[in-house]
Amino acid sequence: MFAAQTIDSTDKPTFYRELATQLKALLDGESDSVANAANTSALIFQMVPDLNWAGFYFLASDEELVLGPFQGKPACVRIAVGKGVCGTAIDLEMSMLVKDVHEFEGHIACDAASRSELVVLLRDDQGVFGLIDLDSPTPGRFDKDDQAGIEALAAIYVAASAFED
Ligand code: SME
């Protein structure tokens with residue numbers, strides 16, 4: 001049984017380094033991409049403070065994202081590329097740090113409690129194929145340290161998992 005160890009979250013870089021170590025241990029020896037996405041979202045939701053949603057979206061085509069494993073309230077299943085924070089991240093091929101979702105034109109509210117959002121991309125040799133999305137009920141919850149930390153977790157998830165072409 002894997003038991004996540006509580007980590008002091010005062011120093012974010014240290015927090016995310018330790019969380020990365022726990023994620024590697026959690027995914028060790030398993031390459032199923034759905035199982036790994038499920039456990040990655042569960043670990044993030046359990047360990048990262050002040051979240052109301054954490055999960056995956058995968059590109060179903062060049063035009064559309066589809067919901068993957070997540071923790072939190074039921075969410076929008078399909079998001080068009082270019083729409084919302086998630087679709088914009090894919091369109092621009094970059095992580096998105098949104099301090100106040102009410103200020104983001106076109107934000108898609110899956111949970112009315114969400115006030116800030118962080119989206120990081122999943123990439124392999126073929127390019128971007130999905131993303132990890134975090135929502136918080138606190139405005140300004142995420143900063144560059146959270147972005148770097150979650151990007152590192154996304155890379156661990158991609159490296160551990162096998163994907164169909
Ligand atoms: N807020 C996102 C939609 C996904 S949910 O937050 C889970 C967006 O604007 O793309």
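Student: Let's start with tyrosine 157: buried or exposed?
Tutor: Tyrosine 157 is buried, at 0% relative accessibility. Keep in mind as we go that this is a predicted model.

Student: And phenylalanine 163, what's its relative accessible area?
Tutor: Phenylalanine 163 comes out at 25%, which makes it partly exposed.

Student: How many aromatic pairs are there?
Tutor: The count is seven aromatic pairs. Take tyrosine 157 and phenylalanine 163: their ring centres are 5.8 Å apart and the planes sit at 70 degrees, so this pair is edge-to-face. The cut-off behind that label is a plane angle over 60 degrees.

Student: Which residues do ring pairs link into a cluster?
Tutor: The cluster holds Phe56, Phe58, Phe129, Tyr157 and Phe163, joined by ring pairs.

Student: OK, switching to aspartate 146. Where is it?
Tutor: Aspartate 146 belongs to helix α4, which covers residues 144–160.

Student: Is that side chain's residue buried or exposed?
Tutor: Aspartate 146 counts as buried because its relative accessibility is 1%, and the cut-off for buried is under 20%.

Student: What does the aspartate 146 side chain make a polar contact with?
Tutor: With the side chain of arginine 141, at 3.4 Å. Setting aside residues up to four places away in sequence, aspartate 146 also touches other residues, including Lys12, Tyr16 and Leu118.

Student: Helices next. How do the axes of α1 and α2 cross?
Tutor: Helix α1 (residues 12–27) and helix α2 (residues 33–47) have axes that come within 11 Å and cross at roughly 145 degrees. The crossing is right-handed.

Student: Which residues meet there?
Tutor: On the α1 side you have Phe15, Leu19, Gln22, Leu23, Leu26 and Leu27, and they meet Asn36, Asn39, Thr40, Leu43 and Met47 of α2. Sorted by type, the residues of this contact are seven nonpolar, four polar and no charged.

Student: Now leucine 131. Which strand is that in?
Tutor: Leucine 131 is in strand β6, residues 127–136. With a relative accessible area of 0%, leucine 131 is buried.

Student: What is leucine 131 in contact with, leaving aside neighbours within four places in sequence?
Tutor: Among its contacts are Gly55, Phe56, Tyr57, Leu65, Cys86 and Ile90, along with Val119, Val120, Leu121 and Leu122.

Student: How far apart are leucine 131 and leucine 65 in sequence and in space?
Tutor: They are 66 residues apart in sequence, while their C-alpha atoms are 9.1 Å apart in space.

Student: Where does aspartate 50 lie?
Tutor: In the loop between α2 and β1 (53–59). Aspartate 50 is partly exposed, at 34% relative accessibility.

Student: And what about phi of glutamate 93?
Tutor: Glutamate 93 has a positive phi too, about 55 degrees, and it is not a glycine either. Glutamate 93 sits in the loop between α3 (84–92) and β4 (96–98), where it is partly exposed at 47% relative accessibility.

Student: What does its side chain make a polar contact with?
Tutor: The side chain of aspartate 111 makes a polar contact of 3.0 Å with the side chain of asparagine 52. A polar atom of the aspartate 111 side chain also lies 2.9 Å from the backbone nitrogen of alanine 113. Not counting residues up to four places away in sequence, aspartate 111 touches Asn52 and Lys73.

Student: And serine 114, where's that?
Tutor: Serine 114 is in the loop between β4 and β5, and it is buried with a relative accessible area of 3%. The side chains of serine 114 and asparagine 52 are joined by a polar contact of 3.0 Å.

Student: How far is serine 114 from proline 137?
Tutor: The two are 23 residues apart in sequence and 4.5 Å apart in space, C-alpha to C-alpha. Leaving aside neighbours within four places, the contacts of serine 114 include Val101, His102, Asp135 and Ser136.

Notes. Residues numbered from 1 in each chain as written. Predicted model: local features only at pLDDT ≥ 70, side-chain atom pairs only at ≥ 80, totals over all residues. Heavy atoms only, no water. Phe/Tyr/Trp six-rings, centres within 6.5 Å; stacked < 30°, edge-to-face > 60°. Buried < 20%, exposed > 50% of the residue type's maximum accessible area, 1.4 Å probe, protein only. Helix = DSSP H or I, 4+ residues; strand = E, 2+ residues; numbered from the N terminus. Polar contact = N/O pair within 3.5 Å; in protein donor to acceptor, adjacent residues only side chain to side chain. Contact = heavy atoms within 4.5 Å. Axes fitted to C-alpha atoms, helices over the stretch in contact; angles between N-to-C directions. Left-handed = near helix turned anticlockwise from the far one by under 90°. Nonpolar A, V, L, I, M, F, W, Y, C, P; charged D, E, K, R; others polar.
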